[in-house]
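Hi everyone, thanks for coming.

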Amino acid sequence: MTMMDVLMDQWPSRGEGWPTASITVLRQRAKLLAAIREFFDTAGYFEVDTPLLSADIVIDAWLDPFVATWIPDPTNWRRDDHLRFLQTSPEFAMKRLLAAGADSIYQLSKVFRNGEIGQRHNPEFTMLEWYRCDDDLPSLMKTTEALVKHVFTCSKDLMGVDHERQIPRQMARVLSVTPFQRLTYEDAFVRFADCSALDGSMAELRQIASKRGLVPPPGLLNEDRDGWLNFLLAELIEPNLGRDCPVFLTNYPGSQAALARLSADGRTAERFELYLDGIELCNGYHELTDPVVLRERMTEQSRLRSQAGFRPLPETNRLLVAMEAGLPSSAGNALGVDRLIMLALGKERLSDVIAFPFEIA
């Protein structure tokens, strides 16, 4: 390390104008981003680049986008058809590419989620998203595990960690465990919340929270089943996931399918999330291809947003048009790159691996 490196690594302690991540970490981050690209290039994917600003927006009742206004006519800029959204995910545009004939694609890009800020959230963050035609969930989980191991192996080399210096426990768990653990959403609720996520009544779910001394967030309605499940998941289950080894949480309730297919039983979704040390890293689907179902889910998600006092979703989008033309069977995953790098480098906060987080951007 040069003297300039030493001086630059002191920047986080020098005030608001300076980056919160050291220059050494930012160099390591650049190497890990290159390693991610190498992983997908070697696996036969090609990198794509889709719009950050679009008239479309991913359908999710609780992801609130940043809204911008396109002003072709400065005298009439308040029209709704002039609204554009900073993307919460590149999903819609990437699926339009699948419909156009792309087969194996990935994207590293900035995405934006309004109101999400904290130790492990930043309103602007880096997402890795990838899709492969004719893939399924077992294959997608295998790819995800291989990617995470690849990034941790590269971080081990960057940090110069060897057996004599003792590999950090977190890194050792990722590199030594094969395959990562699988746990269904239902089994996780039975194990950590002592209730059934699929069959428990609303009264039982509320009673679990009361017994554990949990105070529900403002605005959570008594009959909002998914809201209560998400609340209990965050409070009782997620902190326990991935402590001994990384774990894929699978088979989410069908009502939480988002853009995933439903399982054959119709009760659960073909969806998983990966956890390490209680931190969610990614969200993977066996992708929905039915435009009729997509339209139904869009309507329901928009209804939920309106009920909660949020801006309704646009009534139409270009993904719907592409799906009506024919979206091939595929599986895809969205992974939070900043969180993965944070964990791989043994850091505690996103600000340790981001140059200028939202507060000082």
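This is a predicted model: local features need pLDDT of at least 70, side-chain atom pairs count only at pLDDT 80 or more; totals for chains, interfaces and linings use all residues.

Residues are numbered from 1 along each chain as its sequence is written, and side-chain values use heavy atoms, with hydrogens and water left out.

So, how many salt bridges does a search of the whole structure find? It finds 15, a salt bridge being a side-chain nitrogen of Lys or Arg within 4 Å of a carboxyl oxygen of Asp or Glu.

Take arginine 305 and aspartate 64, whose closest N and O atoms are 2.7 Å apart. The arginine is in helix 9 and the aspartate in the loop between strand 2 and strand 3, so this pair ties together parts 241 residues apart in sequence. (Helices are DSSP runs of H or I, at least four residues, and strands are runs of E, at least two, numbered from the N terminus.)

Is arginine 305 buried or exposed? Buried, at 2% relative accessible area, while aspartate 64 is partly exposed at 29%. Buried means under 20%, exposed over 50%, partly exposed in between, with a 1.4 Å probe and protein chains only.

Next, glutamate 324 and arginine 295 meet at 3.3 Å, N to O. Here helix 10 is tied to helix 9, with the two residues 29 apart in sequence. Glutamate 324 is partly exposed at 49%, and so is arginine 295, at 39%.
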